[in-house]
Amino acid sequence: MQLQLRGMTKSFGDLVANDDISVTIEAGQIHALLGENGAGKSTLMNILYGLLRPDSGEILVDGSPVAFGSPADAIKVGIGMVHQHFMLVPVFTVAQNVELGDERVGPLGFLRTSEAEEAVREVSQRFGLEVDPAAIVEDLPVGIQQRVEIIKALTRDASCLILDEPTAVLTPQETDELLAIIRGLRDSGKSIVLITHKLREVREAADVITVIRRGRVVATAIPPSTSETELAALMVGREVSLTVDRGTSSPEAQTLQVRGLTVYDAADRVVVDDVSFDVRAGEILCIAGVQGNGQTELVEAIMGLQDRVVGEIHVGGTVTSHPETRRMLALGVGYVPEDREEDGLVSTFSLAQNLVLDTISTSRWSRYGIVDYARIDAGARELLAQFDVRARDAYVTAGTLSGGNKQKVVLARELSRDLTVLIAAQPTRGLDVGSIEFVHRRLIEVRDSGVAVLIVSTELDEVCALADRILVMYQGRVAGIVGRDSPRDDLGMLMAGVVPA
Amino acid sequence: MSEERSENPTPILDSRTRDTLHPPAEPPPGTSAEIRRSVLGMNLLVSFLSVVLALVIGGVLIVISSPEVLSAAFYFFDRPADTFSAIWQTLSSAYSALFQGAIVNLSALSEGDLARAFYPMSESITIASPLIVAGLAVAIPFRAGLFNIGAQGQMTFAAIGGGYVGFALALPAGLHLAASVIMAMVFGAVWAGIAGFLKARTGAHEVITTIMLNYIALYLLSWVLNQDWFQREGRNDPISPILPDTSVFPNLFGLSLRVHAGFLVALVAVGVMWWILNRTTLGFRINTVGANASAARTAGMNVGRTWIVAMLLGGAMAGLAVTMNVNGTDKVVTAGVVGAIGFDAITVALLGRASPFGVLWAGLLFGALRAGGLTMQAQTGTPIDIVLVLQALIVLFIAAPALVRAVFRIRGGSSEAMSLAKGWNG
Amino acid sequence: MSAAMTAVPEAPAIAPVSPRRPLAMVAIAVFLGGLFTWLAPAGQVTTFIFNLGQQFFEIPDWSVNSRTAAAAFALIAVLAALAAWPLHMRRRSVLWPSAIMGAALIMSFLSWVASDESLPVTGLLQGSLLLAVPLVFGAMAGVLCERSGVININIEGQLLAGAFMGAVIGSLTVNVYLGLLAAPLAGALIGVLLATFATRYFVDQVVVGVVLNVLVIGLTGFLYSRFLSEDPDRWNNPPRLPNITIPVLSEIPVVGPVMFEQNLIVYLMYVTVILVQLGLFSTRWGLRVRAVGEHPDAAASVGIRVNSVRFRTVVLGAAVAGLGGAFFTLGSVGAFGREMTAGNGFIALAAVIFGRWTPLGSLGAALLFGFAYNLQNVLSIIGSPIPSQFLLMAPYLVTLIAVVGLVGKVRAPAADGIPFRKSA
């Protein structure tokens, strides 16, 4: 199937997300849409999948124009989408998820479970995507859930498959497997759209690359003839160095020590299993690993945000076995949470209020429980300038800011305290390159000022760029702690739970 | 940018309305202040139009159910003018009675009989006083993200404690009143605290626990009223002894007007609660927990404890609310001393958008509606239940500004719907 | 992968089990069982009567020494609690031991309070079922709405609307079946309001529910004063549904008179529960309703129109509640009274939560609450040592304890209460 987008334009308020974008996706081709976060890729795909309606522009399937009012229309013409956040009902079985919206039913609408399961089996055999159709989705590992998403599209006879950031949750090995599957699908005549901001996979897999920047198509490239540096420059609009100027670290005393930390989740599962490590003042320890291997819970446990924790945490000279958030903050632990929208900020509060969220009760901002708002506002103005937060004033609500500016607010808040330890979880997730560079620079500065820095990141590039030492987690355990110069392949294997010899 | 914006196409307007719930410390300078004013103005307009719309629908209901109109409509085609005059008669007399019963008695005013002229206003304020304070009892937990449906039960339980101290102890005037009021507030706080504690400790949803506690309090009061130590001597019906003058709010304007000093206490309560919510670290915590509990937790706030404190504060307000009747209007504890104030308080808090001064105005409005409704029922036979209908409609419209703006074809402003409570899972 | 590599050992993915729950069960069984045994007078006899009307055969009345019976049932309760222990430690369900323990404690309690009296067991159960009828309908309404992702705190209002309209239409037409038809329509009308505000204007669902309750109370009260109490013969004198005795089934002792000598609404209740259970879990419709309540984005991504599924499900649920409301008037007393649903809607909501958002679980919870209500009725007739106010409190206390004890273990539909907005 040939898919053409012509003159797509879509704006949200003042912001033009897609500005006259035209792309042609040929059958039997892997077409990558490359662009940094916020470039407008997802908007484009949501239009193509009928989730958004364009302001102007048209979609042509095999030369004839179509209009999508809802995903149902897109599915009908043979477009399938694998979303970045899986569109699977966790409590349903694989077969139920696959058939949802296109159910096998008998009289009176009764479900025919065995037929549905058979259909899944058939597709999974045909394309080599092994999965148990009767399994409950929430019990499956992320990689398999993604397979279910692909099967879901394939059972609907999709001839064009859109994959939105499909490798974000995969190990390097799983990524290779996925790319192999995608190539297989291409060879069977399907057209594939790969949306990503990762240069490496694009060059590995794509037949054609369309680079999008600020809502516009800035280039079309053929992989072997375009280098990674060139792609990066096209994507960002200027020369970018793919490395961080990190200087050298001069680690001192051990500031954060974690000993035998085990965390149970609500369903009694062990999510962090007997983890021990140290972070010294003046060094950055990065925790690498695929999303969902216990990094989130580990960090939350250290911050006192998990309920069932066993083990010891030493900060400076203080030992705690039952960490409490307030106490950890008081000990000088700064925390940049993974989900900044949900945990880092109150989106309905003003920036000024957000900047004192965890220090409101200190003598800086209040006395005898009475808040000194004049001082808070003055402090806020200073911090916003210092951290280059682009906002009209300190009274706009946090929810109105862009992702990069939100993260700057969180950083400003945490770095405005006296810190001995800084814990930053996924500090650059979803940010544009400019903001990423800003955040990286700040993190290095913090390290150089003698703070022990612990960073969790699933982006291997980021880990390699920032870390002085790297801890790899797999299934809640420490798979290994290695130096920053260890080969990427070794890190990849550790992330898959294999210890290289 | 597009990815983030696409989830929330009009973020600026959305968040502005929320600001009314979480006001910043100072009026912000420059353009944002103008936007804020215009949004605030839009909110006021929507609120006003909601009342208008509710009165229109209520009017239709009054008219089509009126026996006079129905009998005139019976021969509509012979004499249509009869029907229209009956409609006008019914509507004007009902709403005129509503107004005169709520604000001022015009004929008495023209006669110069001030006591009788302002009797309606006195009644409105008398009825509004407990409504306002009970509205605070719902509004404060709202700010912490809790939906306190239990003001009714908290008032009921408080009536036991406050009432007992009020009639059973012998203390000097003033001190006695204070003791009785404080005891009521403690009892109310305890009853609300149970729900807060259960929420914080086990996650039991406060909507369910407070409803159950309402019934339990109701039967506790009914049991207490049958006990020798609570029942008035020589009476078989469930009624307590009369409270002595030492434990009663003094009347503000002599005996002919019922309005008593409880109203002043209610005003003070509004001010104090505003101050707590907007000027203290406790208020900051309550607002944070209500706006985003997980961010509050991440910022080191103890969410459970904040819930409990918010419920305790709310319960204390419920306790204070019932003293407006026990130590003021009724001067006695009966099974009906709370009436349905605890439930009306929910609509008051919603109409007041959970802000203390909003609650004050909402309480006054609903108090006036009720006082006027009683007059309307007495003078025109229009059932007082219409007031409930009006209350419900007003809140419904205010909660859905998009609907009101669609009805009146207004452009601009915010369409952010009211969102205060949380689902079962959090 | 070469042989030189070693895999990181798989994690032992399970936390140790805390014995707190079975410990609490044993403690409760010992304490309450001991209390009832101690309170039961040793010298008196408790008689349990099983017969009601004519069945195939009679079960003889059972007279037993009060204290002996209380002690025996207490022992059963303790044994059941002990049996739950190993099950719990092996992460098995303790539903059955809990149910047996509860039943035994109730019997122990009855042995005490009915000492020196005769307790009509069959009558007690029959009345319990009747009192549970509106609760069951309300709970099914709650299950339907909440499975689709809309919190239904408006059950009370839907019941009341059904009761009102059933009575009025039944009276005006002098036809009980037309009344029975009007009741679900009235409920559905309220449901349309709830669904409109929840899925079109995205108003907080708890807020709308509460406010709509006020609206229905106000409206029915207003119309009651204007018409029903003015001319009760015309407006508020509906015929009542006759009892239908099912041949054969009604002849089974205990079960027959309890379940099969009832009026049409009760039989409709059986059908409703079965339909809701089957519909939600075995049909395309149910799959979609549940998908919309668990993960609306996923449903939308395969072309399901989330808000319209929710809208229809809410209206259907409200109609079910409206039908249940007819029980208050057409199914029992006939005439409508102000606020006659008296909080049943909220108890039904508690039954939904207690029953973990499943039709069968909610049915069980509703029956339990019905039993708690009727026990109070029966005990006040035969006389009991407990003040009536505390018996009246019982259903609410039971609900409170049940909800508190269960929460944390239960999970509402993931998107319950969260409005679904398309991204543009």
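**Close-up 1. Helix α1 of chain C, from end to end.** In this predicted model, helix α1(C) covers residues 20-39. Helices here are DSSP runs (H or I, at least four residues), numbered from the N terminus. The expected span is 1.5 Å times one less than the number of residues.

Close-up 2. Which residues of α1(C) are buried? They are Pro22(C), Met25(C), Val26(C), Ala29(C), Gly33(C), Phe36(C) and Thr37(C). (The arc uses the directions from the helix axis to the C-beta atoms.) An α-helix has 3.6 residues a turn, so residues three or four places apart point the same way. Over on the other side, Arg20(C), Phe31(C) and Trp38(C) are exposed. Buried means under 20% relative accessible area and exposed over 50%, with partly exposed in between (1.4 Å probe, protein chains only).

**Close-up 3. What the buried residues of α1(C) pack against.** Their partners are α2 (66-89) and α3 (95-113) of chain C. Contact here means heavy atoms within 4.5 Å.

**Close-up 4. Two loop residues with positive phi.** Val174(C) isn't a glycine, yet its phi is about 50 degrees. You'll find Val174(C) in the loop between α5 (155-173) and α6 (176-199) of chain C, and at 64% relative accessibility it counts as exposed. Phe202(C), also not a glycine, has a positive phi near 55 degrees; its loop runs between α6 and α7 (205-228) of chain C.

**Notes.** Residues are numbered from 1 along each chain as its sequence is written, and chains are lettered from A in the order in which they are written. Local features need pLDDT of at least 70, side-chain atom pairs count only at pLDDT 80 or more, totals for chains, interfaces and linings use all residues, and side-chain values use heavy atoms, leaving out hydrogens and water.
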